[in-house]
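Dear colleague,

I am passing on the structure we spoke about, and my notes on it follow below. Please read them with the coordinates open.

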Amino acid sequence: EDFHNLIFKAMMKDSLNSSHPVSSAVQSSEQIEEMFDTLSYIKGASLLLMLKHYLTKDVFQAGIEVYLHNHNYGSAQSDDLWDSMNEITNGTLDVKKLMKTWILHKGFPLVTVVRKGKIISVQQEKFLYHMESENWTSDASYLWHIPLTYITSRCNFTHCTNAYLLDQKSGM
């Protein structure tokens, strides 16, 4: 419950145009200090949980084990974790490409789902809670790779989960 409260606080901060990406190049020690805030830690943890749910616990765990084995007693970069996950998914999913859309963009998407009969359509756009005109930047280029999971009337959440990767502005 505490973690969920922290997630909502981080999302509120991340929904402002003055937010920052989880990962970005820095030029000074002040910028480094700014990067290590609650937004980075909580959003980062949330993104790892999203990835774990999408890949499944066993695949995610195997990716972490490969990452730790490949980089024990050494240094690593975020791409190294995604590369380890890619090793486990055997090219069925480009985890690096998926996760870069989350860690290199500030903010998060608003996903709109519309049902017309048996047809479900989804659309994404950048969510902004409060637009600060002095800091406003266009969000037209923002595109997340959003793992969507869903269930149907034929199964429940614990027995079968369907997955769809929304990697365009809209899809069906």
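Two bridges join strand S2 (residues 119-126) to S5, and the two strands run antiparallel; strands here are DSSP runs of E of at least two residues, helices are runs of H or I of at least four, and both are numbered from the N terminus. Within this pairing, which requires that DSSP finds at least two bridges between the strands, Val-122 stands opposite Gly-171 in S5. The strands belong to an open sheet of three, in the order S1-S2-S5 with antiparallel pairing, whose edge strands, S1 (109-116) and S5 (170-171), each pair on one side only.

This is a predicted model, in which local features need pLDDT of at least 70 and side-chain atom pairs count only at pLDDT 80 or more, while totals for chains, interfaces and linings use all residues. Residues are numbered from 1 along each chain as its sequence is written, and side-chain values use heavy atoms, with hydrogens and water left out.

Turning to the helices, H3 (residues 38-55) and H6 (residues 95-103) pack at an angle of about 150°, with their axes 11 Å apart; axes are lines fitted to C-alpha atoms over the stretch in contact, and angles run from 0 to 180 degrees between N-to-C directions. H3 and H6 are therefore roughly antiparallel to each other, a term used for angles over 145 degrees. The contact (heavy atoms within 4.5 Å) is made by residues including Leu-47 and Tyr-54 of H3 and Leu-98 and Trp-102 of H6.

Best regards

Terms used
Angles under 35 degrees count as roughly parallel, over 145 as roughly antiparallel, 65 to 115 as roughly perpendicular and the rest as oblique.
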